[in-house]
Amino acid sequence: MHGFVREERGGTEIITIALKNNFDFYRFEYNKSFLDLYAGVNVFHVTGLRYQASRRNNYPDSYYSIGSIRGLLYLGARGSVDAKGPHQGYFESGVNDLWIINSLNNSETININDYISLALGYVYVF
Amino acid sequence: MIRPLVLLLAISCGKFTVSPYVSNTPNSKLNKNQLSTIKESDTGADSSFKIAVLSDTHNYYKELEEQIDYINKHKNEYAFVLIGGDLTNLGLLREFETTKKLLQRLKLPYISAVGNHDLLSNGGRIFDQMFGPSDFSFTYNQTKFILFNNNNWESTGKVPDLEFVEEELLGSSSQYNVLIGHVSPLDKDRWTERDKQEMGTVFRTYNVNYFLNGHDHNPGGESYEGGTRVTIGASSKRKILEVEFASGGGGVSHNFISL
């Protein structure tokens, strides 16, 4: 997947390349419609950052870890009013690796619910 | 079918973000605002005072909370708090916001320098909006504090701007002068011998009393070019640096408090 955030929205232009994999674990069905629940993992890389930590040439080896790659764990729901039709919608709720680790290391200080993000999307199946 | 949707929406009540790498944040210019509060207690007179200094808070949030609790408990002992930079690990907006949220619990005003980690990703832009310029100075009770960006690998342009530092020192009529830069002037990775000599010359020429730096997480101090250089230490070390400025030219001293 490819993502793009305009400078007006993000402060700087952000280009994201992501690999996602979903694991469906339950389906609700009603008449012709359905709703699938799934868990997933998303690994994404962001290009064009200033002082990007992945530009290792600027620093001695191992000075910084690659800061432009993130992992995201999420739960999602994908459904359609017509299971045989091409139109589906989905939304996902997840948290990235940074805040999973931070909340585990600082459980009394960090509330992981403050770091959950939401994605809404449309899928055309062909 | 509706119940799982409601459940997912309910657990999604965190802040919506289009990317962890966004850099739009209100222009709060915290350093300038906090300085206004600091100035309210500045008598301009030659009177003793003490400050608390932290650094390299990174993602040591629970340790930072402990430090804040200590400072708040002893707030009558300190005039204000200085932070030596590295408020984040990756320069991400949510990291800055999380640290800022904790710092806002301080019952004293605080000023922060910029660290090398704060300049990663789009952190430089975020720091500039959230805290303000990374090179600036202020005077409090006959003591001049000069904060400057010396994260040379992570910055473009002339960094450190020693001309700025010299101008500030040249124009200083204060009894004491203190430099705050995130990286030690003796850092063996970043500075050539020439760089070290240049910084040492400035320090010596203008009789600077103290250089406070972070970056190295282990706290400690040593004599430096006629004055003193102190590594503040990371929050993970669970110490607080106190720096005391005595009236009547009694000198500047420091002490580490263990939590």
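Contact here means heavy atoms within 4.5 Å, and by that rule the meeting of the two chains takes 45 residues from chain B and 47 residues from chain A.

## About the model

This is a predicted model, in which local features need pLDDT of at least 70 and side-chain atom pairs count only at pLDDT 80 or more, while totals for chains, interfaces and linings use all residues. Residues are numbered from 1 along each chain as its sequence is written, chains are lettered from A and ligands numbered from 1 in the order in which they are written, and side-chain values use heavy atoms, with hydrogens and water left out.

The size of an interface is often given as the accessible area lost when the parts come together. Chain B and chain A bury about 3900 Å² between them, 62% of it on carbon and sulfur atoms; this buried area is the accessible area (1.4 Å probe) that two parts lose on being put together, summed over both.

The count between the two chains is 1 salt bridge, a term for a side-chain nitrogen of Lys or Arg within 4 Å of a carboxyl oxygen of Asp or Glu. B:K101 forms a salt bridge with A:D114, and their closest N and O atoms are 4.0 Å apart. On the side of chain B that touches chain A, the elements giving two or more residues are α1 (2–10), α3 (61–73) and α4 (93–103) of chain B, where helices (H or I, at least four residues) and strands (E, at least two) are DSSP runs, numbered from the N terminus. Of these elements, α4(B) gives the most, with 5 residues.

Strand β4 (residues 69–80) of chain A is mostly covered, since 9 of its 12 residues are buried, which means under 20% relative accessible area, with exposed being over 50% and partly exposed in between (1.4 Å probe, protein chains only).

Two strands pair if DSSP finds at least two bridges between them. Strand β3 (residues 33–47) of chain A pairs with β4(A) in the antiparallel sense over 12 bridges, and A:G40 stands opposite A:Y74 in β4(A). β4(A) also pairs in the antiparallel sense with strand β5 (residues 87–96) of chain A, over 8 bridges, and there the bridge partner of A:L72 is A:N96 in β5(A). β4(A) and β5(A) form a hairpin with 6 residues between them.

## A buried valine in chain B

B:V178 lies in strand β6 (residues 176–180) of chain B, and B:V178 counts as buried because its relative accessibility is 1%. Leaving aside neighbours within four places in sequence, B:V178 is in contact with residues including B:T143, B:F145, B:V208 and B:F245. B:T143 is 35 residues apart from B:V178 along the chain, yet their C-alpha atoms are separated by 7.5 Å.
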